Amino acid sequence: MGMWISYYNAYQDKARERQAFLPLEKSDARILLIAGDRDEAWPSAYSVRKIEAYLTEKGYAKDVKAVIYENVSHLTGMMPNRAREKRLYRLLPLVGLMYRSFGKYQKECLAAIEDAERTIVGWTEYEEG
């Protein structure tokens with residue numbers, strides 16, 4: 001919880017929060033943002049919403065997709081190669097217990113890891129027409 005509190009406290013100064021934004025609107029890339037709404041490491045869902053709103057406000061021309069998984073902890077997103085890292089995948093439930101919400105919502109968290117992986121791979125396989 002310590003990291004989360006540090007991030008939360010840092011976000012209380014809205015002027016400094018705004019200054020900390022990377023100028024993503026200057027990029028020429030599609031942007032995929034993924035978070036769990038019960039992330040205990042940092043307020044990732046809040047950050048994803050802020051980044052998405054920032055890019056909308058700036059009139060960002062490329063695709064932006066924000067995915068926020070309900071009842072999902074910090075362990076979300078692309079995992080190492082599943083075929084090569086079979087033991088790591090078997091350990092996910094144990095590793096996930098570092099996060100209280102992972103233990104409470106293990107089914108949702110494991111499903112989100114699977115879905116996020118498919119979403120990321122699909123996003124990177126996109127070919128501009």
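Predicted model: local features only at pLDDT ≥ 70, side-chain atom pairs only at ≥ 80, totals over all residues.
**Notebook: an aromatic pair and a pocket**

I looked up F21 and Y54 and found both buried (buried means under 20% relative accessible area, exposed over 50% and partly exposed in between, with a 1.4 Å probe and protein chains only). Residues are numbered from 1 along each chain as its sequence is written, and side-chain values use heavy atoms, with hydrogens and water left out.

**Entry: the rings**

I searched the whole structure for aromatic pairs and got one. Rings of Phe, Tyr and Trp (its six-membered ring) pair if their centres lie within 6.5 Å; planes under 30 degrees apart are stacked, over 60 edge-to-face, and the rest tilted. The centres of the F21 and Y54 rings are 4.8 Å apart and the planes stand at 55 degrees, so I logged the pair as tilted. Where do F21 and Y54 lie? F21 is in the loop between α2 (14-19) and β1 (31-36) and Y54 is in helix α3 (residues 44-57), so the pair ties together parts 33 residues apart in sequence. Helices (H or I, at least four residues) and strands (E, at least two) are DSSP runs, numbered from the N terminus.

**Entry: charges over rings**

I also checked for a charge over a ring (NZ of Lys or CZ of Arg within 6 Å of the ring centre and within 35 degrees of the ring normal). The charged end of R18 sits over the F21 ring, 5.8 Å from its centre. R30 has its charged end over the ring of W123, 3.7 Å from the centre. W123 is also among the buried residues of α6.

**Entry: the largest pocket**

A pocket, on a 1 Å grid over the protein atoms alone, is an open set of points where a 1.4 Å probe fits, with protein on both sides within 12 Å along at least five of seven lines; lining residues have an atom within 4 Å of a point. Of the 13 residues lining the largest pocket, the closest to its centre are Y11, E17, A20, F21 and I51. So which element gives the largest share of the lining? I found that α3 does, with four residues.

**Entry: the whole protein**

I counted six helices and two strands, in the order α-α-β-α-β-α-α-α along the sequence. Of the 129 residues, 32% count as buried.
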